[in-house]
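Subject: Structure handover

Hello,

Here is the structure I promised to pass on. Please open it first, then read my notes beside it.

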Amino acid sequence: MNNAAFIAGDWGTSRLRLYLCTASGEVLDEMEGPGAAQAKGNFPAIFTSLVASWRRSRELPALLCGMAGSSIGWQSVAAIHCPASPHVIAQSVVRIAEHNVCIVPGLSCRNVLNAPDFMRGEETQLLGALQLQASLRQGKHLLCLPGTHTKWVMLSEGKVEHFMTAPAGELFALLCRHSVLVSDNPSSTTPPSTMNTAFMQGVDAIINMPHASVLARVFECRSRRLSGELGAADAPSFLSGLLIATDIKDALTLFPAQHDGHVVLIGAAALCELYTGALSAMKRSAITLSGDETVRAGLVRVFQEQCSQEVS
């Protein structure tokens, strides 16, 4: 591993992912650690312990994104207000000199609802998407980063214009784990991992009556079980279809067609598959980029820009 150039890290709320990388971004080794919620002020010790073997021969620089720069992270790093270019994001990293660590700042904006909005970690995935897909650097594009807090992002000429957060994933988890709407034994509910008939029934319910309140539709997770129209094991998939279809419907309404028509999805394959299925039912096309690949590509982009700045 003599050609290792830096350590890339995505410090999420529930998981830390670290990669030992060459200057070009090749991954030589990787490991995982506790998320920011578990770290609880022990960020330096956790990080130092995990990368000790990688830094045994020399003090490799590290570049972290995600919750490391949040109010519960290693060091609070101010978010950059949109519109924001990749160059501005890359040049705004904050260095913790004592540990030879740099933290990528998040982004903030006033979203299409005229409300404050924030992201941390997703901005690095956006940088990676711009590196991996040259077509995103020109024109307007609508991107969706599905997850616990789904981000809908408008790119314009390679800049992040604005974005909106929809906590579809968190609402799904809360209803599955803490409500009898989905299951009579919420703690045992298993989230859906693939698209199935019940999921598409939920999607179709939103498509067929787009103006109906999602609150009333969510109660159908229970009422359809009681009537026998929905099997107990299918209720989580039905709920997922309702929430994802609502998320997409609202976003397409709030982000008018000022882009190239298709939606770019960035995230885990299984979740992106669900969004792709719902988009297809709404007659919208989608392309998918890996969340892990884009975050690594984004960190490499920042590292290379930092290196070029030092040379100049």
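C82 is buried, at 8% relative accessibility. Please remember that this is a predicted model.

**Cysteines and a cis bond**

How many disulfides does the structure hold? It holds zero. C82 is in no disulfide, and the nearest cysteine sulfur, that of C109, is 5.3 Å away. C102 is another buried cysteine, at 16% relative accessibility.

The peptide bond that joins C82 to P83 is cis, with omega at about 5°. P83 sits in the loop between β5 (80-81) and α3 (86-90).

**The hairpin of β2 and β3**

Next, find strand β2 (residues 15-21) and strand β3 (residues 27-34). They run antiparallel, and seven bridges join them. L18 stands opposite M31 in β3. Five residues lie between the two strands of this hairpin, and G25 takes a positive phi near 105° there.

E32 pairs with R15, and their closest N and O atoms are 2.9 Å apart. E32 lies in β3 and R15 in β2, so the pair ties together parts that are 17 residues apart in sequence. R15 is partly exposed, with a relative accessible area of 34%.

How many salt bridges does the structure hold? There are eleven. As background, side chains of opposite charge can pair when their charged atoms come close.

R17 is buried at 16% relative accessibility, and D10 is buried at 10%.

R17 also meets D292 in a salt bridge, at 2.5 Å from N to O. R17 lies in strand β2 and D292 in helix α10, so this pair ties together parts that are 275 residues apart in sequence. D292 is partly exposed, at 32% relative accessibility.

Look too at R217, E220, R224 and E229. A network of salt bridges links them.

Is helix α4 (residues 122-132) mostly covered or mostly open? It is mostly covered, with nine of its eleven residues buried. Among the buried residues are E122, Q125, L126 and A129. For reading any helix, keep one rule in mind: an α-helix has 3.6 residues a turn, so residues three or four places apart point the same way.

Helix α6 (residues 197-208) holds V203. V203 is buried, with a relative accessible area of 0%. Which residues does V203 touch, leaving aside its neighbours within four places in sequence? They are G241, L242, A245, A278 and A281. The C-alpha atoms of V203 and T246 are 8.1 Å apart, although 43 residues separate the two along the chain.

Helix α10 (residues 291-311) holds R301. R301 counts as buried, at 18% relative accessibility. The cut-off for buried is under 20%, so R301 falls inside it. Leaving aside neighbours within four places in sequence, R301 is in contact with P86, H87, A90 and Q131.

Two residues have a positive phi although neither is a glycine. N100 has a phi of about 55°, and E157 has one of about 50°. Where are they? N100 lies in the loop between β6 (94-96) and β7 (101-103). E157 lies in the loop between β11 (150-156) and β12 (159-166). N100 is buried, with a relative accessible area of 16%.

V112, L113 and L254 make a nonpolar surface patch of about 230 Å². V112 belongs to the loop between β8 (107-110) and β9 (116-119). Is V112 buried or partly exposed? V112 is partly exposed, at 33% relative accessible area. A residue needs over 30% to join a patch, so V112 passes that cut-off.

Best wishes

Terms used. Residues are numbered from 1 along each chain as its sequence is written. This is a predicted model: local features need pLDDT of at least 70, side-chain atom pairs count only at pLDDT 80 or more; totals for chains, interfaces and linings use all residues. Side-chain values use heavy atoms; hydrogens and water are left out. Patches are made of residues with over 30% relative accessible area and no salt bridge: like charges are joined within 9 Å, nonpolar side chains (Val, Leu, Ile, Met, Phe, Trp, Tyr) within 5 Å. Accessible areas come from the Shrake-Rupley method with a 1.4 Å probe; for residues, only the protein chains shown count as cover. A salt bridge is a side-chain nitrogen of Lys or Arg within 4 Å of a carboxyl oxygen of Asp or Glu. Helices (H or I, at least four residues) and strands (E, at least two) are DSSP runs, numbered from the N terminus. Buried means under 20% relative accessible area, exposed over 50%, partly exposed in between (1.4 Å probe, protein chains only). A disulfide is a pair of cysteine sulfur atoms within 2.5 Å. Two strands pair if DSSP finds at least two bridges between them. Contact means heavy atoms within 4.5 Å.
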